[in-house]
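Below is a walk through one predicted model.

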Amino acid sequence: MATASLAGTAATEVLRPTSEAEAVEAFGDGDGVLVVGGGTIVVPDLTYRRLRPAKALLLKDAGLSGIENEGGRVTIGAATPLAALVDLPAPIGPCAANIGDREIRGVATVGGNLCAGEGYEAPRGDLQGPFLAVGATVRSAGAGGIEEEPLESFLERRRSRLALSISFQTPAAGAFAALDRPHTHDYTALAVSGARGADGTIRLAATGVGWWGVRLPSAEAAADDPEAAGRAALEDVDPQDDALASAWYRRKVLPVLVRTVLTELEGVA
Amino acid sequence: MNIVVNGTAHAIESGPLTPLLDVLREELEITGPKAGCHQGGCGACTVLVDGEPRRSCLLPVAYADGAEITTVEGLGTPESLAPIQQAFVHHYAAQCGFCTSGMLLAAQAYLDGGGTDDPEAIQEALGGHVCRCTGYAKIVDAVAAAARGESFDLTQTAVGKYTTVTTGGAT
Amino acid sequence: MKVVGARIPRYDGVAHVTGRTTYVDDVRVPGMLWAKALRSPHHHAAITKLDTRPAAELPGVHAVITWEDVPLLEYGHLSALGIPADEPLLAKDDVRYKGQPIALVAAESEELAAEAVERIEIEFEERPALLDVRQAFDPEAPKIHQWGNWYPHFEGGMDRRQIRKGDVAKAFEQADVIVQGVYRPAAIEHAPLETQVCLVVPEPNGRLTIYSCTQALYFSLGVVAAHLQVPLNKLKIVGGTTGGGFGGKVDTATETMTSLLAMKAGRPVKWRWTREEEFLCSSTRAPWHMEIADAVTKDGWILGRKMLTLHDSGAYARFSPYGLTKHSFHHTGAYTIPNLEFDGYVVFTNRVPTTAMRGFGVTSVSFAVETHMSRIADVLDLDPYEIRLRNANRIGDTSPNGIVYTDPSTVPTIQAIAEATGHELSAEFRTMTNEPRTGEWLPEHLVAQLGNPEEH
């Protein structure tokens with residue numbers, strides 16, 4: 001067949017596990033393995049020959065999709081499409097609804113979004129913010145077997161891990177605020193997520209101020225005063241210039257979004 | 001791997017990571033879906049996969065294994081246009097035509113899901129689709145008309161020498 | 001009137017909505033090869049080594065072309081109008097913009113062609129790049145073009161498009177206020193949804209059939225024939241179906257190189273650009289730099305205008321001298337200014353060559369002129385509609401290039417805009433017409449510019 005496909009994948013071994021155990025085994029220590037969740041991020045990289053993996057691990061049939069809620073403890077499979085998250089409480093639901101369009105949300109996965117990082121024209125891991133705000137933990141496989149850890153530490157080593165699921169306790173209140181996207185297919189330039197736990201503790205996180213979602217500890221410490229918290233948030237970040245916005249602009253807008261989120265959290269009993 | 005496209009079953013030879021778009025266009029020579037960007041940014045390649053609108057340039061064909069695919073060729077023929085196709089013709093919603101097949105399938109999915117003629121809802125449903133001729137107003141008008149169930153006798157809209165243009169059995 | 005106001009079905013409407021319209025990339029022919037290009041990774045560099053043999057030796061590769069394969073390497077887009085050529089079809093000694101094509105490969109698949117391109121051995125010696133038109137005239141600026149940093153071949157060997165009308169020095173002496181502005185619209189990529197694409201089929205009778213997305217079929221015919229040094233009757237171009245162009249498909253971007261590949265391979269060859277190539281390597285609308293200084297009276301008459309335009313041509317001339325000429329003719333916009341001093345330069349930079357886009361050369365100056373009119377109104381604290389009407393073109397007025405207006409539409413257009421936006425005009429402006437100037441509409445400074453519309 002005289003294929004005209006641009007895909008640089010002729011030499012790639014494709015693995016299609018049909019269970020979590022098979023996926024974990026196929027992933028091994030992750031060396032040379034490209035994990036394909038929904039494919040929305042990596043397929044263009046294959047098409048344009050930026051990625052030429054030795055192995056590709058297709059997660060669609062690995063049984064890693066689904067959402068469970070046990071007494072407010074929510075667990076989401078890594079291969080769950082974003083469309084399934086839009087009805088979850090804030091800040092997660094509103095954030096998921098703000099990603100891509102119907103067609104992207106229908107295939108892009110939670111795991112892919114958590115692992116989306118540096119190397120693109122702009123940050124892409126929008127869900128890292130809300131999941132940091134709700135104090136989520138990630139269950140993942142790789143060298144040393146299956147482990148569960150806070151999202152913060154998972155993000156540090158996510159290249160060597162296969163995300164299996166993410167869990168969090170439903171917060172007492174949550175809020176999400178993002179810069180409007182000019183078009184549905186644009187990435188979000190800056191977003192802030194906030195959540196108040198059952199004990200009244202407020203956690204804040206931002207995406208778009210670096211390649212990864214980050215907590216905003218200085219803003220959290222000043223959470224009683226939204227204005228002060230907005231200013232304090234600037235101490236927690238070192239924003240960058242990229243295709244979507246300048247660092248200058250992000251520093252101008254971050255306090256506004258922090259204030260918006262905290263004000264909204266105050267309004268929720 | 002096997003896929004059904006517009007009711008016809010095909011065994012697929014392309015590798016499992018090959019985007020569905022390339023399988024359709026290059027292996028099966030079904031050229032209605034267009035490669036506008038090959039990276040998910042324009043929507044010209046959108047097809048229905050088991051009824052859901054999908055960017056075929058982003059979908060490894062392995063993820064469509066066993067699925068039923070609808071391309072613009074399966075929506076309606078020149079002799080028997082689907083209502084959304086009639087509406088696009090009537091409202092001049094196709095200019096250069098390159099975005100049209102993707103627009104039509106996203107619109108069909110919107111209508112299949114009970115979409116109304118609310119312009120904001122239509123814009124949300126088609127928001128990922130780029131028309132660089134910037135004919136958006138006419139496209140939204142066409143989808144709204146189809147959502148209202150309007151039908152068009154396309155043979156009755158012309159005058160003068162252009163009446164010789166045949167629009168088939170569209171009613 | 002059989003057509004105006006009637007509903008006319010598009011002749012291609014039904015084909016568009018049923019997926020039956022055949023764009024170039026939809027054309028399938030047996031035995032087709034695929035092309036990929038080696039492009040410059042640098043803005044400006046000398047080519048110190050080019051060896052395509054490793055690509056040609058790859059099994060499945062059927063042709064590789066470089067500048068050596070082109071019968072007439074340099075043919076300008078406006079050569080037929082006597083404007084000399086400056087751009088090689090494929091880079092020879094140097095590259096002058098990022099993305100400039102250097103060599104092309106035709107192979108059994110696009111993937112194989114891309115692999116072959118990666119095997120081409122090439123070395124560069126980078127040179128300083130010029131990316132800002134404002135620096136082109138500095139003595140220390142990098143020298144980037146064989147003609148110098150700006151186009152020197154206007155009529156009479158002039159290095160600029162120049163307009164002189166009336167007595168500008170006197171106008172500036174008489175002015176109450178001088179209003180200045182600088183206007184710099186940026187480059188714009190046409191971004192048609194269909195990227196550049198063509199398919200060339202060598203026919204048994206020795207002709208080439210060229211399926212092209214061009215907007216300018218007969219233009220492409222001439223350009224391809226010139227580079228190939230073949231008579232026109234050896235080429236059959238199939239066009240007319242374009243997935244968006246907006247001016248970006250006027251340049252003959254793909255047809256000539258693909259023809260050379262098809263001739264060398266003796267097989268049909270298709271070359272379709274990726275979206276990234278379209279954005280990074282295809283021509284754009286130019287960025288422009290425009291400086292305006294107007295001599296104005298306190299009641300809003302514009303007595304004279306001095307204007308400097310730097311038109312960023314990119315690395316080569318292409319259509320830019322033509323675009324600048326149109327620009328110069330329109331540099332007073334829809335208004336009459338009797339005393340003019342316009343100087344416009346086509347400046348070379350190490351950007352992609354720039355080209356036509358929807359009102360070539362005119363959109364830039366319209367943006368500058370209209371913004372400047374509002375600026376004058378701001379400075380003088382006058383009504384922005386009324387200052388436009390005061391200076392509006394009237395029957396018998398003359399354009400910068402001496403054309404006498406016989407039916408100018410400025411007055412009714414501005415009046416209609418005022419009505420549509422609910423803007424109250426005073427009686428004298430509400431009732432004025434575009435009839436020839438008399439009375440208070442013909443102040444002394446406008447008398448000398450009048451022409452006789454009856455002569456046109």
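Thr263(A) sits in helix α10 of chain A, which covers residues 247–266. In this predicted model, Thr263(A) has 14 other C-beta atoms within 10 Å, so it counts as partly exposed; a residue is exposed at 12 or fewer and buried at 20 or more. Pro226(A) lies 37 residues away from Thr263(A) in sequence, yet the two C-alpha atoms are 6.7 Å apart in space.

Next come the nonpolar cores. The largest of them has 146 residues, and Leu57(A) and Val258(A) are the residues with the most contacts inside it. Helix α3 of chain B (residues 100–112) gives the most to this core, contributing eight residues. This core lies between domain 1 (2–74) and domain 2 (83–164) of chain B, because both domains give residues to it.

Beyond its neighbours within four places in sequence, Val258(A) is in contact with the valine Val192(A), the leucines Leu204(A) and Leu216(A), the alanines Ala219(A), Ala229(A) and Ala233(A), and Gly230(A). Another core lies apart from the largest one and has 53 residues, including Leu33(C), Ala113(C), Val197(C) and Leu260(C).

The last topic is where two chains touch. On one side are 30 residues of chain C, in contact with 41 residues of chain B. Helix α1 of chain C (residues 13–17) gives the most to the side of chain C that touches chain B, with four residues. Sorted by class, that side of chain C holds 11 nonpolar, 10 charged and nine polar residues.

Technical notes. Residues are numbered from 1 along each chain as its sequence is written. Chains are lettered from A and ligands numbered from 1 in the order in which they are written. This is a predicted model: local features need pLDDT of at least 70, side-chain atom pairs count only at pLDDT 80 or more; totals for chains, interfaces and linings use all residues. Two residues are in contact if their C-beta atoms, placed from the backbone, lie within 7 Å. Helices (H or I, at least four residues) and strands (E, at least two) are DSSP runs, numbered from the N terminus. Ala, Val, Leu, Ile, Met, Phe, Trp, Tyr, Cys and Pro count as nonpolar, Asp, Glu, Lys and Arg as charged, and the others, Gly among them, as polar. A nonpolar core is a set of buried Ala, Val, Leu, Ile, Met, Phe, Trp, Tyr and Cys residues joined through C-beta atoms within 7 Å. Domain bounds come from an automatic or database domain assignment.
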